[in-house]
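Hi everyone, thanks for coming. Let me put a model up on the screen and walk you through it.

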Amino acid sequence: MGNRELFKKMMVYEHVYQHAPMGIAILSLDRRWVEVNPAICKMFGYSMEELSMRTTFDITYPDDMYLTDALVQELLNGEIENFEVEKRFVHKEGHVVWTSIHVSLLRDPANGEPRNMIVQIIDITNNKATEQKLIESVERYTSLKKYNHDAIVSFGLDGNIINGNQMTEKLTGYEIPELIGTPISRLVGKGIYEASLRM
């Protein structure tokens, strides 16, 4: 490869490193931040200089402090080539940042000895918040359905029954497994069902 081609390739790598939406970092084997791209700084609220004086442990959420220890050891031992895990960090302003991290190892080409870890980090905080809201919504719905004194029946856009609560069984005489997949009109009558669609 000529010098011009090499220079172009280096320019492309530098552009990707500086402008990638995901965080890219080089860590020492004792997990100090050696080099970070702007996305890392934005994600955690620290400048490059501030991170260079810290380890990953310093900004890791306490409950996740030793989450990757075993995986890192397997990486150093050559048992695995990389790993991916969800991990929480603490932003400089104090709030939790949920991330998906991918870690691989950079080895010395001369002797194969581990030199640094390459870490790619994606901020999944918004995804986690949405996931938590969905879980809470399902829990509320499940509780409502289980303890409500009225019959509650869920049905799809096709008009077929998806599920129901215990009160539905008591009031209709059908068991829920019998009702699943059958038309809701079986319980409320075809006229009432068609009228509800026009509302």
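Predicted model: local features only at pLDDT ≥ 70, side-chain atom pairs only at ≥ 80, totals over all residues.

Residues are numbered from 1 along each chain as its sequence is written, and side-chain values use heavy atoms, with hydrogens and water left out.

The protein has nine helices and seven strands, taken as DSSP runs (H or I, at least four residues, for helices; E, at least two, for strands) numbered from the N terminus. Of its 199 residues, 31% are buried, meaning under 20% relative accessible area with a 1.4 Å probe and protein chains only; exposed is over 50%, and partly exposed is in between.

Now, how many salt bridges does the structure hold? There are six, each a side-chain nitrogen of Lys or Arg within 4 Å of a carboxyl oxygen of Asp or Glu.

One of them joins aspartate 69 to arginine 31, at 3.0 Å from N to O. Aspartate 69 sits in helix α4 (residues 69-76) and arginine 31 in the loop between β1 (23-27) and β2 (33-36), so this pair ties together parts 38 residues apart in sequence. Arginine 31 is buried at 12% relative accessible area, whereas aspartate 69 is partly exposed at 27%.

Arginine 88 pairs with aspartate 64, their closest N and O atoms 3.0 Å apart. That links strand β3 with the loop between α3 (48-52) and α4, 24 residues apart, and both residues are buried.

Finally, Glu86, Lys128 and Glu131 form a salt-bridge network.
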